[in-house]
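Please work through each task before reading its solution.

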Amino acid sequence: MDSTKNTDVLDLANLYKDSVKADDRPGFSGFIIAKEKLFDIAKDLRDKYGYDYLSCVSGVDYPETNSMEVVYHAYRSSGGSALVFKTQVERVDPMEVPSLISIWPGVDLQEREIWDLFGIKFAGHPDLRRILMWEGFEGHPMRKDWKEAFYEEEAKPLKSRWPDGNHKYAEAKAAYGDNINFEAGFDPEKWTPTDPEEALYSALKKYQTEDVDGIKTDHLLINMGPQHPSTHGVFRAVVILDGEEIVSLKPVMGYLHRNHEKIGERNTFLQNIPFTDRLDYFNSMYSAWGYSLAVERLLGLAVPERAEYIRVIFGEMSRIQNHLILFGMLWNDLGAYFTPALYAFEERELMLDIFEAVSGSRMMCNYHRFGGVVRDIDPASMQKIKELVYERLPRKIEEFDRLLSENEIFVSRMKGIGYLSPEDCLAYSVSGPTLRAAGIPYDIRRAEPYGVYDRFEFDIPLRYNSDLLDRYLVRIDEIKQSVRILQQALRDIPEGPVLTGKPSYQIKVPAGETYGRVEAPKGELGYYVVSNGKGNPYRYKIRTPSFVNVTSVEKMCVGTKIADFVTILGMVDIVLGEVDR
Amino acid sequence: MYGIGLIKGLSVTLNRFVESYTEDIRWLVKRYAKVDFRSSKDAKGTFTIEYPEQQLNIPEEFRFTPFLVYDEGENGEKNIRCTSCGICAKACPPQCIWIVRTVDPATGRPQPQPAEFYIDADICMNCGFCAEFCPFDAIKMNHDFEQSSYTRNLKNKEILLQPASYYANIRPLNYAKEEAARAEKAAAKAAAKA
Amino acid sequence: MSINELNLPDFNIPDDMEGKVTVTTLDRLYNFGRRSSLWPMMFGLACCAIEMIAAQAARYDMARFGMEVMRPSPRQCDVMIVAGTVTKKMVPSIVRLYNQMAEPKYVVAMGACASSGGPFKEGYNVVAGIDKYLPVDVYIPGCPPTPQALMAGMIKLQEKIDKQSISKVRWYQKGPDSVEIAVPFLGPDLIDPRRIPDIKAKSAELAVAAVAPAAESSTEG
């Protein structure tokens, strides 16, 4: 909240007096732009005022005021806080908002998501299909009046659990005896199936040529995934090939769409923390940080010094561990089966041992709380962290570097592949190491510092070729910088409490909105949280780096060989828990 | 020269390969002492913990599914700590705890005893909120991860109950801390009375 | 001791004969072979898949059980570890993969999500347990189960295999050797072909119920 009211933020309401007004709802900030003017003003924002990076697009449903809202968070790539602008439409189908895809192509998937989940149409979007659900699904599930089959109550805790909580399976209460719902009178026998893939296939660029000998060349359509060993989960890509060359590619997702946001709006604020662990399941320590940051801003809660240092320590450890796994998996994809992956997992196991000892679980740490962390690091674990950071990790990273970085086969598979120009990187809202491999020094730890990152001395690793090799090398450098941060944090960590206030399971959060973002290992991870003063968030939107970074995959892949797709996707570093949420 | 990078990389694997044998010889005699070593910073060579013959050390804070704690009475009766206050059921993120409060048949007033207590282990996300917010130290997270079964796992009160001695065994430090706090509270109460 | 008893797959050698004789039956030999080379499918859905990979890695090394060969093709695997949340969008593919596996085949539901939807059970795109579609052999609770818990589950599966007898197993009986499971499809919501009559009856019932109060209020008004 505070961060968005900085002085360097443009006063749009003064600049465009007739079409923009400041958002004056209590706790809210930013500007509401009339939707007719949205496109022009957005263009000015990018061209005149330097807001070249559109981070997050969220939809919010307000049935009480009979409106739907689209919220944009734009940043300058030179750093600084967000410019929040919104546009509102009347809540009557069909709703339409101009698409900003020609200004910031990075909104592509995010706009499709809003169409899918809220039913807001984006005029001018060339390929507005459903993205997380399938074509033909009934309704737009994130609307407040849309109820799922296992719906019980608007908000948790549910009354059926206590004091008269006789166990009953959710199936027993649902109308169809399962997690399904149909319109009354629906007849599955008379229902004519429409091909759900038709729209997808028609969105691909196809071609047919005839060469001089009169031999017809036709396109080749290949589906990779959702069950494919090198898509890192249930990701699917449909590609059109000319021989081995990729002509057109569309990512298809939603195979792991677990409805984080809908469940999150039923949960209490605290109950969302363990759910954030399951977003990026490699880095649960970091995912929870972003959410805590957002809610702490709403609460106006300060975090004790020691807790801030602990957050940094575990955050950087998960960054190291995330990048190591990426290298291992990347080599698996490239054909160097197992060896690098096994080496990477060894180091990861040692770190997970510490996570387990401190937080209680290897992967789903559930360690952050609003105003700190749940418990202090015990002395034995502290000793282990020190041993790892000062002795083992530097040695092992050097070994990893020696194992992979100069390998000629590896280099020839990576050099010059998957190029994305720096301008495109920004336009496509790419974040994380991919952005920094294009020479853009944008790291939220520096651009908009959170926690105690402003106290540490570290460099933002940069490379300039923007190909796969550079993205790899940037990550190696990042690991080294993380070790550097860790060493400083371990040296400086003060004694003291680790949690502000008394732990409580019922937290009332003042009304307002906030956008908390952190530099997660995969890129910018943001939480847009709207509270209406009750115990559960009114809107809980997650801007995940994997999801937004996938937007640029098509651009990177077209023109390369199909075998490179696997490497490019591996280097984007997606995790399906985040892509599909 | 082309190939130097390859050789450099392969030297790492060769080194690891040799280490795996030298380490094996080192551990030939004291086979079962190696768990600690293999989870330490010096771990090298073979890294495997041979489950189920060996097991990793389970840290005290490790959490799997929850269980209910009872104190053993003098005559072997089970004094369930749970008062069915319902805080765990309210805090539970996936709402997998079901509690039926005991009602006195004569007066109709609720009694501090759960009549029924269910945890659906197939919904439980092992987050530990129930144990964290329980004011009576009545629900705790288990260390026993070998719970796989041929059917779904709905746990009722009888399955969930474990003696306090079991709890003291798996989480000695926490148990000692809680007991000390309880003793202090009791002493303060006694002092206030006197 | 009757000859029949001796043929039982779970028959144990009496203590006084231990070390003196070796008794085997075809069942035992056959089951030993099968249980010692269970090839899982290389197929991860969500968080649990990472623990599955960790179980395959050096620390836990499932190769010790003969389970190291992860096959991406369903034709070559024996066991499908459903590791993660099964979504409505994904379940047709999973059922199709299962149908493509050759008998004998087993299904392990790893983690809370695969067992019954887990923490995401209430979600609109989540299938509340893979056992609604596939016959699950072993359920492993936990979110996620640690690699050791996964291995405990796989040992449980081995125990199950040990108790099977060649003369009784389905895939050596007359008739089709594997049971095709009808692949669900995506309509307005997920439709299980086996449940079509159900759905039809229920939605008709709901339609009547929706019309009735409307008619009532109109007559009143």
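**Exercise 1.** State the volume of the largest cavity and describe its lining.

*Solution.* Step 1. The largest cavity of this predicted model has a volume of about 260 Å³. A cavity is a set of points on a 1 Å grid over the protein atoms alone where a 1.4 Å probe fits but cannot get out; the volume is the space filled by probe spheres set on the points, which are joined across faces, edges and corners.

Step 1. Its lining comprises 23 residues, where lining residues have an atom within 4 Å of a point. Phe150(A), Glu152(A), Leu158(A), Arg161(A) and Glu122(C) lie nearest the centre.

Step 2. By class, the lining has eleven charged (Asp, Glu, Lys, Arg), nine nonpolar (Ala, Val, Leu, Ile, Met, Phe, Trp, Tyr, Cys, Pro) and three polar residues (the others, Gly among them).

**Exercise 2.** Describe the contact between chain A and chain C.

*Solution.* Step 1. The contact (heavy atoms within 4.5 Å) takes 63 residues from chain A and 54 residues from chain C.

Step 1. The buried area (accessible area, 1.4 Å probe, lost on putting the two parts together, summed over both) is about 5500 Å². Carbon and sulfur atoms give 65% of this area.

Step 2. Ten salt bridges (side-chain nitrogen of Lys or Arg within 4 Å of a carboxyl oxygen of Asp or Glu) are found across the interface. Lys156(A) forms a salt bridge with Glu122(C), with the closest N and O atoms 2.8 Å apart.

**Conventions.** Residues are numbered from 1 along each chain as its sequence is written, and chains are lettered from A and ligands numbered from 1 in the order in which they are written. Local features need pLDDT of at least 70, side-chain atom pairs count only at pLDDT 80 or more, and totals for chains, interfaces and linings use all residues, while side-chain values use heavy atoms, with hydrogens and water left out.

Terms used
On a 1 Å grid over the protein atoms alone, a cavity is a set of points where a 1.4 Å probe fits but cannot get out, and a pocket is an open set with protein on both sides within 12 Å along at least five of seven lines; lining residues have an atom within 4 Å of a point.
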